[in-house]
Amino acid sequence: MKNILFTAMLLALFFCAKNSALAQCEAEKYTEKIIGNLPDGTTFLKSYKIDGEGGNKTKIEYPYIFRQNSTYLINIANKDPELKGVVLELYDANRNLIGTSYDASGKKFRPGLGYTCSATGVYYLKFSFEGSKDYCAAAVLLLKK
């Protein structure tokens, strides 16, 4: 009886370890990919890990304070060269949608978006996944000089 319980516990540990290894999001490599190709005249501000935890989290949101008359770029990367599956939406403090990286009518994903801030305040960067089975990406917020 002890052998059966011990074997069952080993099998449970094996499957738990395997599932957690599959769900790992290594967003750092995507962050490095973006930082390695920063456009001229930009300053790195912050990086964001976009971990959908294997599909358990469908939306990830981060706040950031934008300053009036400053231009911000938000670049995204994942394992797909065409960046399929990752959507960025930018909202102002009143939760009004300002822009998105996804063209729903043409079903095209853009590598990010730019925004010249009209009023200082908290803005929300909301990331989600559209038609993707890969729930891992990274984004980098840049200030354009």
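Analyst: Let's start with serine 101, which sits in the loop between β5 (97-100) and β6 (102-103). Keep in mind that this is a predicted model.

User: Why is serine 101 called buried?

Analyst: Its relative accessible area is 0%, and buried means under 20%, so serine 101 gets the label.

User: What makes the pairing of serine 101 with leucine 88 a polar contact?

Analyst: A polar atom of the serine 101 side chain lies 2.8 Å from the backbone nitrogen of leucine 88. The cut-off is 3.5 Å, so 2.8 Å falls within it.

User: How do you know that arginine 95 and glutamate 61 form a salt bridge?

Analyst: Their side chains come to 2.8 Å, N to O, and the limit is 4 Å, so the pair counts. It ties together distant parts of the chain: arginine 95 is in the loop between β4 (86-91) and β5, glutamate 61 is in strand β2, and they are 34 residues apart.

User: What makes arginine 95 partly exposed?

Analyst: Its relative accessible area is 42%. Exposed means over 50% and buried under 20%, so arginine 95 lands in between.

Terms used:
Residues are numbered from 1 along each chain as its sequence is written. This is a predicted model: local features need pLDDT of at least 70, side-chain atom pairs count only at pLDDT 80 or more; totals for chains, interfaces and linings use all residues. Side-chain values use heavy atoms; hydrogens and water are left out. Helices (H or I, at least four residues) and strands (E, at least two) are DSSP runs, numbered from the N terminus. Buried means under 20% relative accessible area, exposed over 50%, partly exposed in between (1.4 Å probe, protein chains only). A polar contact is a pair of N or O atoms within 3.5 Å; within protein, one must be able to donate a hydrogen and the other to accept it, and residues adjacent in sequence count only if both atoms are side-chain atoms.
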